[in-house]
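Please open the model in a viewer with residue selection and distance tools at hand.

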Amino acid sequence: MNRYESTIIITPVLSDEDVKNKLKSFRDFLEKNGAKNVSDEHWGLKKLAYPIEKKRSGVYHIFDFEAPGEVIEKLELQYKRDESILRFLTVKLDKYGIEYADKRKKGQVGKSKAKKDNQPKEEVTNG
């Protein structure tokens with residue numbers, strides 16, 4: 001089994017309940033096809049970089065799961081058939097991707113830079 005991260009953008013016209021039901025249906029699909037859920041990240045409504053199907057925002061969600069390779073094609077076919085999915089991207093995580101995903105979930109990504117930015121800077125003097 002490989003580890004995958006699948007990011008989907010759902011149309012913003014759905015209610016919160018409809019989004020929850022849709023996410024549950026994808027989760028159930030993965031489980032029925034032998035995938036093991038590692039985690040879910042729900043980012044909520046975000047502004048899109050450019051309009052997609054005349055929509056300027058979308059609901060972002062990330063599925064992190066372990067699955068046999070043949071499940072991905074079936075999952076992406078489900079995404080394509082669903083008109084409420086604006087965009088999707090599924091990637092296979094290598095060891096560095098897994099490490100990064102785990103750090104991101106723990107909130108450790110981007111923290112060290114923020115700490116450095118908050119520290120007083122040393123002044124350089126000539127002479």
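Select Arg-3 and Asp-102 and display their side chains: a polar contact of 3.0 Å joins them. A polar contact is a pair of N or O atoms within 3.5 Å; within protein, one must be able to donate a hydrogen and the other to accept it, and residues adjacent in sequence count only if both atoms are side-chain atoms. The model is predicted, with local features requiring pLDDT of at least 70 and side-chain atom pairs counted only at pLDDT 80 or more, while totals for chains, interfaces and linings use all residues. Residues are numbered from 1 along each chain as its sequence is written, and side-chain values use heavy atoms, with hydrogens and water left out.

Stay on Arg-3, which belongs to strand β1 (residues 2–10). Helices (H or I, at least four residues) and strands (E, at least two) are DSSP runs numbered from the N terminus. Is Arg-3 buried or exposed? Arg-3 has a relative accessible area of 10% and is therefore buried; buried means under 20% relative accessible area, exposed over 50%, and partly exposed in between (1.4 Å probe, protein chains only). Next, display the residues in contact with Arg-3, contact meaning heavy atoms within 4.5 Å. Beyond its neighbours within four places in sequence, these include Val-38, Asp-64, Phe-65, Glu-66, Ile-98, Ala-101 and Lys-105.

From that set, move to Asp-64 in strand β3. With a relative accessibility of 1%, Asp-64 also counts as buried. Setting aside residues up to four places away in sequence, Asp-64 touches Arg-3, Tyr-4, Asn-37, Val-38, Ser-39, Leu-93, Ala-101 and Lys-105.

Now go to the loop between β2 (36–52) and β3 (55–67), and select Glu-53. Its phi is positive, near 50 degrees, in a residue other than glycine. Lys-54 sits in the loop between β2 and β3, and Lys-54 likewise is not a glycine but has a positive phi, of about 65 degrees. For context, most residues other than glycine have a negative phi. Lys-54 is exposed, its relative accessible area being 84%.

Zoom out to the whole chain. How many helices and strands does the chain contain? There are four helices and four strands, and their order along the sequence is β-α-β-β-α-β-α-α. Among contacts with a separation of 6 or more, 73% are between residues 24 or more positions apart.

Select helix α1 (residues 16–32) together with helix α2 (residues 70–81): their axes come within 11 Å and cross at roughly 155 degrees. Axes are lines fitted to C-alpha atoms, for helices over the stretch in contact, and angles run from 0 to 180 degrees between N-to-C directions. The two helices, α1 and α2, are therefore roughly antiparallel; angles under 35 degrees count as roughly parallel, over 145 as roughly antiparallel, 65 to 115 as roughly perpendicular and the rest as oblique. To inspect the contact, display Phe-26, Phe-29 and Leu-30 of α1 with Val-71, Lys-74, Leu-75, Gln-78 and Tyr-79 of α2. By class, this contact of α1 with α2 comprises six nonpolar residues, one polar and one charged. Here Ala, Val, Leu, Ile, Met, Phe, Trp, Tyr, Cys and Pro count as nonpolar, Asp, Glu, Lys and Arg as charged, and the others, Gly among them, as polar.

Within helix α2, pick Glu-70. Glu-70 is exposed, with a relative accessible area of 53%. Draw a C-alpha distance from Glu-70 to Asn-33: the two are 37 residues apart along the chain and separated by 9.3 Å.

Return to helix α1 for Val-19. Val-19 is buried, at a relative accessible area of 5%. Leaving aside neighbours within four places in sequence, Val-19 is in contact with Ile-10, Leu-14, His-42 and Val-59. A C-alpha to C-alpha line from Val-19 to His-61 spans 9.9 Å, across 42 residues of sequence.

The last stop is Val-13, in the loop between β1 and α1. Val-13 counts as exposed, at 66% relative accessibility. Its C-alpha lies 9.5 Å from that of Val-59, and the pair are 46 residues apart in sequence.
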